[in-house]
Amino acid sequence: MAAAVELEGVNVTFGDFVAVKEANLTIEPGEFFSFLGPSGCGKTTLLRTISGFIEPTRGAVRIGGADMRGIGPNRRPTALIFQNLALFPMMSVAENIGYGLRVRGVPRHERDEKVKNLLIQVALSEHGHKKVAELSGGQKQRVAIARALAVEPSVLLLDEPLSALDLKLRQHMRSELRAIQKRVGITFIYITHDQGEALTMSDRIAVMNAGVIEQVGDGRAVYAEPRTPFVASFVGENNQIRGRLTAREGALATLDTPLGPLAGRNPVALEVGQEALLFVRPEAMRLRANGTAAGFEGETLDVAYEGSVTHVTLRVKTGQKVTASLGASTGIAPPAPGEHLRIGFSPEDALLLARPERH
Amino acid sequence: MNGNLAFVFGLPLAVVVFFFAFAAYERRAGVATGPGFFQRNGLAIGLYLVVAVGFWAFFIILLPQLAMVDMSFRPKLPPSQMGGPKDLYTLENYRYFLFGSTTSTEEWNWLHIKAFFLTIGASIAITLLNFAICYPLAFHMAQSATAARLRVLLLLLILPYWVNEILRAFAFRVLLSSGGIINQMLMGSGLTAEPVDFLGADVGLYAGLSYAYLLMMIFPLYNAIESLDKNQVEAARDLGAPWWHIHAFIVLPHAKPGIASGCTLVFMLTAGALAAPLVLGGPRTLWFTPIVYDRFYQAFNWPQGAAYAFILLVSCIVFVLVVLKAFRLSLGEITR
């Protein structure tokens, strides 16, 4: 079976500005695939390239194995859900959903039948005659989904469609989107800057930064096994400590840092002498008994109690801030602001990555 | 004379009193809430607004028109007899439009009636032509032009209107005359042996009229299309719509108020245009406005001129309202 979407050496430039650089990717049929990155990282450009509004400057986009060069968005087997939904305000809900069928010349009774089924699918069967402006945010969302599904695309493209909703509705729509995707079984390509959305919904995630796809993998992989410093710091909270590699022992290596020697896993096989960054998640931090040599010392700046965890912000001797999230189950009383603490982590929970030139 | 004075000052006063009473009623009934008009604008600006708008509406719009309507129902009299026993209300001026002079042998006043319907018909045609010319340009300006291109286009559109209307009309005349550049080019290229009589065939009149009110069409259209979310055009395209379908079912319905507003303006102005028909009209063409002009200044029959002008005004208003109704638009909408 041909891949749903295949990007081969896709570059998009606007004048001197490189929006997407050398994107290579294969998205499988039926996959829920997300592009995650900060605003301006090129993810929307990439989505528009797949939907056909932008032609790649170099490289090829293939959908279902067919090269899409020169094929406009109106003739691609994709449907796009816009960030602002772009529903047609002068049409009723049913007319909105039926629009794609109408331009395809589907006869009226067939169209009505299909629209009715879609209205049931998105739980709006009572609202077909209403104007779009009469609907709530979540209902509009579902109309946009139904309108896109009506044309039976093989790939559904979603451009941050949940960003305008309030938190509660957003969380509800996450599971609803996921359920719809499972039910219709087509490929969803989802664009977001919200890691929570990407992690909870996606089969696989591509993390993008400055036009470059930095890492592709499932949620666990990008969270637990980041391969670049950007991914490590963008996905989830992470403490970052600079240093130089002094020794390698098997899968681990030791870094000489201003806070003393610290060890961590070395998945990208850094060499001794190389400049490196050590990443350790706040939840991997542990309090150490005072007077021991392990870990490093810091002054408590802020304690934020959040029920199951307590976030402690420390200032270490370099002036850098380090966060530790201490679980309630550890039974240790949280420190008071101003208190000096010793914290550390097990080397298996820390990760060493090469320091980029620019840092 | 005393009655007239009371009318001129009494009516505005009555209107002001009515509005104050109405505002007070609204406040009591709870329709209007929040700070009052003078509290919002301050006393000085509030008074200025009331006086300026009142003066404008009454002395500049209402009073002259009322004077014209009043005059149109009076007979033509020498000044000494005005207000005298012969100055009675009469339909004579309106009768003249339909049936002509009492000594005429014709059953109807065909000359004027024909000119009237030609004017209305040609104005409709010119309005449609204007729309066809302006829509693609307005769409490009509103949806696809870059900011720099838009500035250049706006400048190119506005600059020619610095030249006054009469001069522009005569320029068309020079261009289209039998010895003009266009005929010289046609004959030079061997397309025609004889010069084409563009002015006699009213090509000049229609071209001049279409050109004269182009801006009145393009700006309302531009405004209306500019407010259309670009994503809607893209969404329609993404759903498979061909370009004509997007224009017919997405852009035009959205721009309907702007289209109505532009067409109304162009139609009204074209039907009432004077300079272009006077300068560019062919020898066989009788536009209605020059006839009105002639009633005033050639026949020195002001009451009849007023009646003719009033007939044109009312017909145009009725026609526009009927068309708006047909397109399910209210007057409020076209001002959006």
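I count two residues as in contact if their C-beta atoms, placed from the backbone, lie within 7 Å. With that settled, here are my notes.

**Ground rules.** I am working with a predicted model, in which local features need pLDDT of at least 70, side-chain atom pairs count only at pLDDT 80 or more, and totals for chains, interfaces and linings use all residues. Residues are numbered from 1 along each chain as its sequence is written, while chains are lettered from A and ligands numbered from 1 in the order in which they are written.

**Chain A meets chain B.** I looked up the contact and found 16 residues of chain A against 15 residues of chain B. On the chain A side, strand 6 (78–81) and helix 2 (93–103) are the elements that give two or more residues. Helix 2 of chain A has the largest share, 3 residues. My helices (H or I, at least four residues) and strands (E, at least two) are DSSP runs, numbered from the N terminus. By class, this side of chain A has 11 nonpolar, 4 polar and 1 charged residues. For the classes I take Ala, Val, Leu, Ile, Met, Phe, Trp, Tyr, Cys and Pro as nonpolar, Asp, Glu, Lys and Arg as charged, and the others, Gly among them, as polar.

**Domains of chain A.** The assignment, which is automatic or from a database, gives domain 1 (5–229) and domain 2 (237–354). I note 39 Å between their centres, taken over C-alpha atoms. Each side brings 5 residues to the contact between domain 1 and domain 2 of chain A. On the domain 1 side I have 2 nonpolar, 1 polar and 2 charged residues.

I call two strands paired if DSSP finds at least two bridges between them. Strand 1 (residues 5–14) runs antiparallel to strand 4 (residues 58–63) over 5 bridges, with A:L7 bridging to A:V61. Strand 1 of chain A is also antiparallel to strand 2 (residues 17–27), joined by 7 bridges, and A:F14 has A:F17 as its bridge partner. These two strands form a hairpin with 2 residues between them, and A:G15 in the turn has a positive phi of about 65°.

Helix 12 of chain B bends by about 60° at B:K256, and B:P257 follows within four residues. The bend is the angle between axes fitted to the seven residues ending there and the seven starting there.
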